[in-house]
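I opened this entry to record what I looked up, region by region. I start with contacts and end with the backbone.

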Amino acid sequence: MESVSRLFRFTGSRSSQYDPLPLKASSDHDFAHQGYHLGLRSSWSLWKIIAVFEFLVIIVGLTFFFKPASTSGLIHPLIPDTHIFHETRVFHNSIPTHLSPYEGPPTPGIDALWDALYQGAVFRVTNNELHLLPNKTSRIAEDPTGYITTLSVFHNLHCLNYLRKNLYPDYYGVEYDLRNKTVHEHSEHCIDMLRQTHMCMPDTTPGVWQWDKGSKQAMITWDVTHTCLNYDKIHEWAASRALETYDGTIWVEGNPVHGKQI
């Protein structure tokens with residue numbers, strides 16, 4: 001039985017397709033050649049109505065299956081609308097003389113802040129929610145209607161915290177020392193996962209150049225206004241259904257096998 005905090009450890013529906021209604025061109029062609037002008041006009045009007053109807057079906061379908069895009073990409077439909085809030089936020093520029101609460105030499109307080117960011121990150125989804133997941137996931141052995149999942153953002157925050165600890169191996173010990181082969185591989189994994197995330201969901205907020213009195217030149221600054229999703233609301237939703245423990249060593253019939261099923 002494993003603590004959920006250890007589940008991020010490092011280890012080396014078929015899409016629907018729209019089918020248009022079949023066209024009966026031969027019938028319309030026969031009508032035209034036989035001089036049935038009224039029938040032709042009626043048929044043309046009918047196809048215009050059908051075309052408009054098909055267009056509306058497509059729009060409604062897209063609206064149903066996809067939520068509005070934020071500056072961080074599409075919001076996954078697993079997240080309920082009740083926990084989706086957009087807000088504007090000025091980023092912290094993080095310079096040595098003005099650190100955020102998450103920066104600086106390690107302390108128990110800083111560790112607690114980072115850990116709290118993804119507390120309850122591994123959580124339960126039900127049978128009725130499975131179709132919302134992009135790939136198959138495993139059923140929880142002790143729970144016949146529960147399945148295990150997490151969100152990519154929680155794994156990314158875990159990765160950032162891991163890389164932060166790599167900066168202070170004397171404090172955190174050999175488990176975070178980059179001279180350890182496993183630690184180095186884990187760090188490479190985290191770096192590339194973060195690369196893929198930022199390229200998948202690029203933040204397109206422009207940076208600005210402003211005059212710096214100290215250096216007497218215009219310099220780029222990142223303490224600019226961003227449009228964001230409220231992270232606390234999403235975290236709150238996931239944590240409300242968090243798993244305290246999960247035993248991944250128990251095989252459950254029908255669970256997906258990595259590399260064989262998606």
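This is a predicted model: local features need pLDDT of at least 70, side-chain atom pairs count only at pLDDT 80 or more; totals for chains, interfaces and linings use all residues.

I count a contact when heavy atoms lie within 4.5 Å.

**Confidence**

I checked the confidence first. The mean pLDDT of the chain is 79. I see 71% of the residues at 70 or more. Two stretches made me careful. Over residues 13–44 the pLDDT stays under 50. The model gives this stretch twelve contacts beyond four places in sequence. Residues 55–73 are also below 50. There I note 18 contacts beyond near neighbours in sequence.

**N166 and helix α4**

I looked up N166 next. N166 sits in helix α4. Is N166 buried or exposed? N166 is buried, because its relative accessibility is 8% and the cut-off for buried is under 20%. Which residues does N166 contact, leaving aside neighbours within four places in sequence? I list Y176, L178, V183 and S187.

I then took α4 as a whole. α4 has 15 residues. From first C-alpha to last, α4 reaches 21 Å, close to the 21 Å expected at 1.5 Å a residue. I find α4 mostly covered, with eleven of its 15 residues buried. Among them are F154, H155, N156, L157 and H158. R164 and K165 are on the buried list too. What do the buried residues of α4 pack against? I noted α3, β5, α5, α6 and α7.

**Helix α6**

I moved on to α6, residues 181–200. This helix has 20 residues and reaches 29 Å from its first C-alpha to its last. That is close to the 28 Å expected at 1.5 Å a residue. I marked V183, H186, S187, C190, L194 and T197 as buried. They lie on the same side of α6, because they cover an arc of only 100° around the axis. An α-helix has 3.6 residues a turn, so residues three or four places apart point the same way. On the face turned away from the buried side I find the exposed residues K181, M199 and C200. The cover over the buried residues of α6 includes α4.

**Cores**

The largest has 20 residues. Which of its members touch the most others? I79, F123 and F154 do. I checked which elements give two or more residues to this core, and they are α3, β5, α4 and α7. α7 gives the most, with four residues. I also recorded a second, separate core of five residues. That second core includes V122, I140, L243 and Y246.

**Hairpin of β7 and β8**

I turned to the strands. β7 and β8 pair in the antiparallel sense over five bridges. I looked up W211 and found A218 in β8 as its bridge partner. Four residues lie between the strands of this hairpin. K216 is in the loop between β7 and β8. Its phi is positive, near 55°, and K216 is not a glycine. Is K216 buried or exposed? K216 counts as exposed because its relative accessibility is 61%.

**Loop between β4 and α3**

S94 is in the loop between β4 and α3. S94 counts as partly exposed, because its relative accessibility is 34%. T107 lies in the loop between β4 and α3 as well. T107 is also partly exposed, with a relative accessible area of 32%. I set T107 against Y171. They are 64 residues apart in sequence and 9.3 Å apart in space, C-alpha to C-alpha.

**P144**

My last stop was P144, in the loop between β5 and β6. I have P144 as exposed, because its relative accessible area is 58% and the cut-off for exposed is over 50%. Leaving aside neighbours within four places in sequence, P144 contacts N127 and R139. I also set P144 against T126. These two are 18 residues apart in sequence and 9.5 Å apart in space, C-alpha to C-alpha.

Technical notes: Residues are numbered from 1 along each chain as its sequence is written. Side-chain values use heavy atoms; hydrogens and water are left out. A nonpolar core is a set of buried Ala, Val, Leu, Ile, Met, Phe, Trp, Tyr and Cys residues joined through side-chain atoms within 4.5 Å. Buried means under 20% relative accessible area, exposed over 50%, partly exposed in between (1.4 Å probe, protein chains only). pLDDT is the predictor's confidence in each residue, from 0 to 100. Two strands pair if DSSP finds at least two bridges between them. The expected span of a helix is 1.5 Å times one less than its number of residues. The arc is that of the directions from the helix axis to the C-beta atoms.
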